[in-house]
Structure formats: structure tokens, C-alpha cells
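Student: Could you take me through one part of this model closely, from strand pairing to ring contacts? I would like the cut-offs along the way.

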Amino acid sequence: MASTTAAGTKIAISAAAPATEDAAGYAALTYTTIGGVEQIGTLGASTNKVEFQPLDGAKEKHKGSTDYGSLQPSMALDNNDAGQTLLRTAAEPDNNALYSFKITYPTGEKRYSQGRVFGFPENVGNADSVIMANPTIEFSKKVIKSPT
């Protein structure tokens, strides 16, 4: 894929879980697009490094636990947007459900995962700014890449 801008990228949420954790399973779900998104954030897993230094040899490095990542999207607060309403519901302190997420790039490529929403704080800036929302989405499942 050649480089492209992020313009036109969309994020969507579903309260349903896929029947299978693959592109086909996620694609079969019905999603609600989250409106007013200014930026989505960094997407992808990272693995912890585990080290062991024996007395008589070179340091050993191993892969430890994997964190599937998190998103900190910023969006113009819109209480009438159905996607933001679902995201707010997911963020309720007593809601521990996994939600499915779909990110669609301008090229048509998609990224899918499941996660929980940890808060939906509102950000009120100065007089020349838009009231924003800054939720945190923590993924619990592997990010699935799909070409379409």
C-alpha cells in the first residue's frame, strides 16, 4: 500500500461479539459509526520484553505478555450522535462488556478488535475551542487486519 492521509478514516462500534474472531466474523456484525472524530490514535499490539542474565553467558531476551493496545480518540462532543451514545454506554463504570470495533481506512482496509471503554471524559477548553470527548478504549483481543 502506498502512503495515504488519514482523512476519511472512520471508527465504528458494535455491542455484539463476532461468531468467530476473524475478518469474516467481525464483518458480519452491524456497526454504528462514531461521528465527529478528530483523531483515533495509535493502533496495534506490543509485547513485553523478559530478560534473564546468566552468570556465564549472554543476556537472554524473550517475549512476555502481549498488550493488544488502546485508543484515545478525540471527538467533538455530540449528544445526538448514535455512535457516541453507544460509546458512552460502554464507558459506564458498571458496564464490563466487551464491544467490537471497526476502523476503516480511506483505502477500504479495515481493522477489527474487541475491547472495553474506560471513561468518556469531556474536555471544555477556551472560548475558541470545541467541547470534546476523550474516551479510552482498551483492546482485549488481537487486532485483525482485513484488506477490505
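Tutor: Ile13 has Thr32 as its bridge partner in β2. This is a predicted model, in which local features need pLDDT of at least 70 and side-chain atom pairs count only at pLDDT 80 or more, while totals for chains, interfaces and linings use all residues. Residues are numbered from 1 along each chain as its sequence is written, and side-chain values use heavy atoms, leaving out hydrogens and water.

Strands (E, at least two residues) and helices (H or I, at least four) are DSSP runs numbered from the N terminus. Two strands pair if DSSP finds at least two bridges between them. β1 (residues 10-14) runs antiparallel to β2 (residues 32-33), with two bridges. Five bridges join β1 to β8 (residues 99-104), again antiparallel, and there Ile11 is partnered by Ile103. Four of the five residues in β1 are buried, meaning under 20% relative accessible area with a 1.4 Å probe, protein chains only.

Now the rings. Phe, Tyr and Trp (its six-membered ring) pair if their centres lie within 6.5 Å; planes under 30 degrees apart count as stacked, over 60 as edge-to-face and the rest as tilted. By this rule there are three aromatic pairs. Tyr31 and Tyr112 form a tilted one, 6.3 Å centre to centre with 35° between the planes. Tyr31 lies in the loop between α1 (23-27) and β2, and Tyr112 in β9 (residues 110-117), so the pair ties together parts 81 residues apart in sequence. The rings of Phe101 and Phe139 have centres 6.0 Å apart and planes at 70°, so this pair is edge-to-face. Phe101 belongs to β8 and Phe139 to β12 (residues 137-139), 38 residues apart.

Methods. Buried < 20%, exposed > 50% of the residue type's maximum accessible area, 1.4 Å probe, protein only.
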